[in-house]
Amino acid sequence: MLKKSLSFPSSHTILLIIAGIIAILTWCIPSGKFEQLSYQTLHNEGYFIHEKNNTTVQYRASQDLLDSLGIQIALSKFENGDIRKPIGIPGTFQYIDSQPQGITAFIQSPIKGISDSMDVILFVLIIGGFIGIINRSGAFDAGIQVLARSMKGHEKWLIIIICTLIALGGTTFGLAEETIAFYPILVPVFLATRYDAMVALATIYIGSAMGTMASTVNPFSAIIASDAAGINWTSGLYGRLIMLLIGLVICLWYIIRYAEKVKNDPSKSIIFEQKDEIDNLFKKDETKEIAFTGRTSLILIIFLASFIVMIYGVSSLDWWFLEMTTLFFVSSILIGFIAKFSEKVFVAEFVNGAKDLLNVALIIGLARGVSVIMEDGQISDTLLFYSSNIVENLSAGVFANVMLFIFAGLSFFIPSSSGMAVLSMPIMAPLADVVGAPREIVVDAYQYGMGLMAFITPTGLILASLTMVNVTYNKWLRFVGPLLLFLTIYTCVHLVISLNFL
């Protein structure tokens, strides 16, 4: 008899399995909904739109209305645009007619997900074209050779610098999806310094995950969650800063420990059996010396400037995927012009580069398709209602840690940080008053819970990132599992200690 070798399913299959499980859950978990309140401006006047039982009522915006609904948020938070999405109204949950998602909904979910994620997908495809152009120019290969020589003997600083910078982006403006652009750039650099692709993946992804987990001034999580909880966003800031510093040190220690082990003995790599395959995809010919000309320097300057402008635009100019995609498209044309590509060569290389990331684009669409099933099944509010009942009558320390795991679980169903904040904070934050805990602890539990889950949740960004470096999900779980355990233990202790200082 011949043994059949079993292999771990692809990212696409994992997401389809999860979508199927969520569809089944919509038949088991009753549908429910909190009443919602949204703010809009009409003719320079502010109004609240109260959505209740599939009907909407419009009120002139006032603090008295918020107080009457039990929403302890300042009116100015809505007027200033700090809270832009509809928020849940405490104490208004009610069950509604079930919305079970059947076979048709399951089959349609990937298509709906791709349609809903088109802005992100276009960004990824244009990034692919951009990378194709820069690779064809030869400037990137020349730059890697120079960088590898300059870092010789100091390779661990590459991990420290890149991971720290990405974490700073995460904690300040939520650098996450944008890191997709970094993998084709940085993986060859790490391979040239005799690390494996897992080190590159960990440096980028864990840096982003740790930064967003311990967001300090990130408007998409820390600020919007604090506003929705009815507190100033500076409350608990120092605690989150400590979490960022200690958490980042733990992550850097873990990554460097693994990286040095792999560098000294490549067979210790978790992905050692994929070494040749990954090398063929990313590694450059180190024996072939590439001339570093003035044209090469100019192309690399434009290349680096594109990322600097992207980060500045997102953090300071309110840019999103349309602007970022346009930036890299224009940069591609400019580099092609400087490299003196013919029109046919430019188009061919751009299309080939985009084609290389088509797989990643599909992963993003499939992940969004899982969220579509949850939204259409209307079970997210029900899970939030059940969760709010769990934490009643707990001591403050137990409350903080139970909230941590509740938010971690909810983030699987509501992966958007801003969406989770405006939906859950008006419901969850007042529960802290009942148990005698400060509301800041709920904001912290929300951030840390979502952040911890982001290391592994398939409905987040991890599967797309793994696809970028051709690493399977089971290999990532094997690598990140011990680190996640360390961080979870530290986070639980940190939350309890924080109660004595908030």
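Reply: A cavity here is a set of points on a 1 Å grid over the protein atoms alone where a 1.4 Å probe fits but cannot get out, and lining residues have an atom within 4 Å of a point. Grid points are joined across faces, edges and corners, and a volume is the space filled by probe spheres set on the points. This is a predicted model, in which local features need pLDDT of at least 70, side-chain atom pairs count only at pLDDT 80 or more, and totals for chains, interfaces and linings use all residues. Residues are numbered from 1 along each chain as its sequence is written, and side-chain values use heavy atoms, with hydrogens and water left out.

The structure has 2 cavities of 30 Å³ or more. The largest cavity holds about 50 Å³ of space. Its lining includes Gly70, Ile71, Gln72 and Ile73, and also Ala228, Ala229, Met425, Pro426, Ala429, Pro430 and Arg439. Helices are DSSP runs (H or I, at least four residues), numbered from the N terminus. Two of them, α10 (219-229) and α19 (417-435), each supply at least two residues of this lining. The most comes from α19, with 4 residues. By class, the lining of the largest cavity has 8 nonpolar, 2 polar and 1 charged residues. In this count Ala, Val, Leu, Ile, Met, Phe, Trp, Tyr, Cys and Pro are nonpolar, Asp, Glu, Lys and Arg are charged, and the others, Gly among them, are polar.

The second largest cavity holds about 30 Å³. Gln101, Ala105, Ser109, Lys112, Val372, Ile373 and Asp376 line the second largest cavity. Two or more of these residues come from each of α4 (103-116) and α16 (358-377). The classes here are 3 nonpolar, 2 polar and 2 charged.

Now the loops. Most residues other than glycine have a negative phi. Gln378 has a positive phi, near 50 degrees, and lies in the loop between α16 and α17 (380-390). Gln378 is partly exposed, at 27% relative accessibility; buried means under 20% relative accessible area, exposed over 50%, and partly exposed in between (1.4 Å probe, protein chains only). Asn470 also has a positive phi, near 65 degrees. Asn470 sits in the loop between α21 (462-469) and α22 (473-498). With a relative accessible area of 27%, Asn470 counts as partly exposed.

Terms used:
On a 1 Å grid over the protein atoms alone, a cavity is a set of points where a 1.4 Å probe fits but cannot get out, and a pocket is an open set with protein on both sides within 12 Å along at least five of seven lines; lining residues have an atom within 4 Å of a point.
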